Amino acid sequence: MKRRKLKNEIIQKSLDLFRQRGYDAVSVQDICDACDITKPTFYKYLASKQNLLSYFFSSMSEAIPDDWYRIPEGTDCYRKLMEGYLMFMRHAAGLGADLYNQVFISNLVEYMGTFNDVRAFTDLMVDLIREAQETGQIQNSSDPKSLYKVGVGMSLGYGAFWCLNEGRSSLLDDFSQDLDAVFMHNCPCTTQTGGLA
């Protein structure tokens with residue numbers, strides 16, 4: 001338990017430092033000083049400074065409360081679906097453009113699985129799409145799994161655009177409006193068989 005607590009402290013303090021100073025301006029020694037540990041102790045828990053980046057998105061899935069994964073009777077499926085996508089987008093925005101940009105770069109340099117789906121989240125989102133289609137809240141009749149993937153692709157694309165603009169775009173509003181347009185229309189982004197065009 002003590003080991004896990006120290007690792008979590010290293011991750012949290014590094015995130016705080018990255019947000020305050022920017023990723024490039026923070027060294028492993030700075031993180032060690034903030035945690036009152038030595039470099040060998042840092043490397044006992046983490047392979048590198050870059051390795052820290054993979055934890056900043058996994059922390060999002062850990063922060064989702066267990067009851068979010070239920071669809072009680074009377075749930076507004078479309079609203080819950082949009083909340084799911086926006087939860088991810090808010091988490092990304094909370095990292096800040098500099099740090100989110102570093103997460104993208106680190107996954108281009110070496111695939112770290114940072115953006116991999118969390119199975120329970122994916123399953124729930126697909127179920128929400130299916131139910132929203134059945135109730136007419138979503139008018140796009142494409143395969144629910146394909147529609148979910150389109151939403152994920154859009155969120156990554158909007159996140160990248162936001163980073164390139166150094167956080168100066170209206171990320172959440174633009175993303176919400178365009179995702180809403182996809183769900184409300186049978187658009188060319190999906191085919192009738194459910195595959196991406």
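Buried means under 20% relative accessible area, exposed means over 50%, and partly exposed lies in between (1.4 Å probe, protein chains only). The model shown is predicted: local features need pLDDT of at least 70, side-chain atom pairs count only at pLDDT 80 or more, and totals for chains, interfaces and linings use all residues. Residues are numbered from 1 along each chain as its sequence is written, and side-chain values use heavy atoms, with hydrogens and water left out.

**View 1. Asp-36 sits in the loop between α2 (28–35) and α3 (39–45).**
Helices (H or I, at least four residues) and strands (E, at least two) are DSSP runs, numbered from the N terminus. Asp-36 counts as exposed because its relative accessibility is 72%. Its phi is near 55°, a positive value in a residue other than glycine. Most residues other than glycine have a negative phi.

**View 2. Ser-14 is found in helix α1 (residues 2–21).**
Is Ser-14 buried or exposed? Ser-14 counts as buried, because its relative accessibility is 0%. The side chain of Ser-14 reaches the backbone oxygen of Ile-11 at 2.7 Å. A polar contact is a pair of N or O atoms within 3.5 Å; within protein, one must be able to donate a hydrogen and the other to accept it, and residues adjacent in sequence count only if both atoms are side-chain atoms. Leaving aside neighbours within four places in sequence, Ser-14 is in contact with Ile-31, Leu-52 and Phe-56. Contact means heavy atoms within 4.5 Å.

**View 3. Arg-21 forms a salt bridge with Asp-30.**
A salt bridge is a side-chain nitrogen of Lys or Arg within 4 Å of a carboxyl oxygen of Asp or Glu. The closest N and O atoms of Arg-21 and Asp-30 are 3.4 Å apart. Arg-21 counts as partly exposed at 45% relative accessibility. Asp-30 is also partly exposed, with a relative accessible area of 22%. The structure holds 5 salt bridges.

Arg-119 counts as exposed at 60% relative accessibility, whereas Asp-123 is partly exposed at 34%. Arg-130 is partly exposed, with a relative accessible area of 32%. Asp-127 is partly exposed at 35%. An α-helix has 3.6 residues a turn, so residues three or four places apart point the same way.

**View 4. The rings of Phe-18 and Tyr-23 form an aromatic pair.**
Rings of Phe, Tyr and Trp (its six-membered ring) pair if their centres lie within 6.5 Å; planes under 30 degrees apart count as stacked, over 60 as edge-to-face and the rest as tilted. By this rule the count comes to 10 aromatic pairs. The Phe-18 and Tyr-23 rings have centres 4.9 Å apart and planes at 55°, so the pair is tilted. Phe-18 counts as buried at 2% relative accessibility. Tyr-23 is buried too, at 8%. The charged end of Lys-49 sits over the ring of Tyr-23, 4.2 Å from its centre. A charge sits over a ring if NZ of Lys or CZ of Arg is within 6 Å of the ring centre and within 35 degrees of the ring normal.

**View 5. Helix α9 (residues 171–184) packs its buried residues against α5 (77–95), α7 (119–134) and α8 (144–164).**
Helix α9 has 14 residues and reaches 20 Å from its first C-alpha to its last. That is close to the 20 Å expected at 1.5 Å a residue; the expected span is 1.5 Å times one less than the number of residues. Which residues of α9 are buried? They are Leu-171, Phe-175, Ser-176, Leu-179, Val-182, Phe-183 and Met-184. Ring pairs link Phe-175 and Phe-183 into a cluster with Tyr-78, Tyr-85, Tyr-148 and Tyr-158.

**View 6. Gly-151 is found in helix α8.**
Gly-151 counts as buried because its relative accessibility is 0%. Not counting residues up to four places away in sequence, Gly-151 touches Tyr-85, Phe-175 and Leu-179. Gly-151 and Tyr-85 are 66 residues apart in sequence and 7.5 Å apart in space, C-alpha to C-alpha.
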